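Please keep the sequence and the model in view while reading.

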Amino acid sequence: MTTLLPLPRIRPADPSAERATARRLADGYGRVATDLRVSLTDRCNLRCQYCMPAEGLEWLPRAEVLTDAEIVRLIRIGVTRLGITTVRLTGGEPLLRKDLEWLVAAIADLDPAPVIALTTNGIGLAGRAVGLAEAGLARINVSLDTLDPVTFKKITRRPRLTDVLDGVDAALAAGLTPVKINSVLLRGVNEHEAYPLLEWAMATGVQLRFIEQMPLDAQHAWKRSEMITADEIRALLSEHVQLVEDPADRQRRGSAPAELFRVRETGYAVGIIASVSKPFCGTCDRVRLTADGQLRNCLFARTESDLRTPLRAGASDEEIADQWVRAVAGKRPGHGIDDPTFLQPDRPMSAIGG
Ligand code: SAM
């Protein structure tokens, strides 16, 4: 059992009274946000070429990054007053936050407790998976684009494939299931690995999700013509297995970003997230909090709502909740990547929280 520091007193005196006044994070298009993505840091120990330049980025000053207590307070407001039911911790690389286990335990101690998930590159996960599971982490997504150490180093600019694979094994052993694998395919780099990744995922018991590359790189080098589309991914896999659509999967999809395809031979479900070519904004239930306390109602939003300033200036929970409600109310119907007026957000994915 991992030794955790004592939890702060973060519950309201009468949680049921707060729940009675709970509001919803509704926007003007009939969507309700219930899934909060919290970036714990903008720093990362990889330099994936579709995300960051080789030299890294100018990191947020420490003083601007939310403290543990501030993060827990904002999440508490979200779950007790605003109907947040799932909290996904991400980054940057969330495992770089040394106190992550403490944070997970504090979030799990909220009433009502949200489902807690983590998106990570898996480096260091091998030694922490059990502690995270014990702290209350329910699910995990590990990012892995290749099984070849040379290609791994080419994409991430770091020789850490073994650490990631060890992390996946540890997550499975710790029961952090389903373990989902996020893979981005890059033309001419790892597209030939679509099927080997699927074969590995089927053998290992992880759920594979391919993600279309999005215009969220710090270098602003993304080109739609270069992106491997969902249709191409499906075609690449179909050279090896027969993929079929199961109407029950479609019915169950809800707000899940991945469209599932079943491998006819095994029944295994592989996901393809067509964020660019077949956007799913109409069912989006997500809202994002950056490491420096800015609320974003869309991954591609060009505006943010600053929660950190009122938080540090002594605003009440109700005032912060009011601001949060207003920020989500202004969510646009879609990300507009296909719109000729589309402008990439100023912050890259690593600073928003993927
Ligand atoms: N460091 C953690 C990780 O690697 O999972 C969490 C943050 S990372 C930004 C979250 C996810 O975003 C990863 O799966 C990564 O592959 C994905 N990602 C980053 N940039 C992307 C882009 N331009 N297009 C699509 N996915 C991207």
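In which loop does Arg157 lie? Arg157 belongs to the loop between helix H5 (149–156) and H6. The model is a predicted one, and the values in this report are to be read with that in mind.

Arg157 has a phi near 60°, which is a positive value in a residue other than glycine. Most residues other than glycine have a negative phi, and most peptide bonds are trans. With a relative accessibility of 29%, Arg157 counts as partly exposed. A positive phi, of about 55°, is also found at His220, although His220 is not a glycine. The loop between strand S8 (207–211) and helix H8 (230–238) contains His220. Its relative accessibility is 43%, so His220 counts as partly exposed.

## Cis peptide bonds

The bond joining Asp111 to Pro112 is a cis peptide bond, with omega near 5°. Pro112 has its place in the loop between helix H3 (100–108) and S5.

A cis peptide bond also runs from Thr177 to Pro178, and here omega is near 0°. Pro178 sits in the loop between helix H6 (161–173) and S7.

## The ligand and its surroundings

The ligand is surrounded by 17 residues, and the closest are Tyr50, Gly92, Glu93, Ser143 and Met214. Sorted by class, this shell consists of 5 nonpolar, 10 polar and 2 charged residues.

At Gly92, a polar backbone atom is 2.9 Å from a nitrogen atom of the ligand. An oxygen atom of the ligand lies 3.3 Å from a backbone N or O atom of Thr120. In the case of Asn182, the side chain supplies an N or O atom that is 3.3 Å from an oxygen atom of the ligand. On its own the ligand would expose 550 Å², and the protein buries 95% of that area. Two or more residues of the shell come from strand S5 (115–120), and two or more from strand S7 (179–184).

## Cysteines

How many disulfides does a search of the whole structure find? The search finds 0 disulfides. A disulfide is a covalent bond between the sulfur atoms of two cysteines.

For a disulfide, the sulfur atoms would have to be within 2.5 Å.

## An aromatic pair

The structure contains 1 aromatic pair. Its members are Phe300 and Phe342, whose ring centres are 5.9 Å apart; because their planes stand at 65°, the pair is edge-to-face. The cut-off behind this description is an angle over 60 degrees.

Note on methods:
Residues numbered from 1 in each chain as written. Predicted model: local features only at pLDDT ≥ 70, side-chain atom pairs only at ≥ 80, totals over all residues. Heavy atoms only, no water. Near = heavy atom within 4 Å. Polar contact = N/O pair within 3.5 Å; in protein donor to acceptor, adjacent residues only side chain to side chain. Areas by Shrake-Rupley, 256 points an atom, 1.4 Å probe, with all protein chains shown as cover. Helix = DSSP H or I, 4+ residues; strand = E, 2+ residues; numbered from the N terminus. Nonpolar A, V, L, I, M, F, W, Y, C, P; charged D, E, K, R; others polar. Phe/Tyr/Trp six-rings, centres within 6.5 Å; stacked < 30°, edge-to-face > 60°. Buried < 20%, exposed > 50% of the residue type's maximum accessible area, 1.4 Å probe, protein only.
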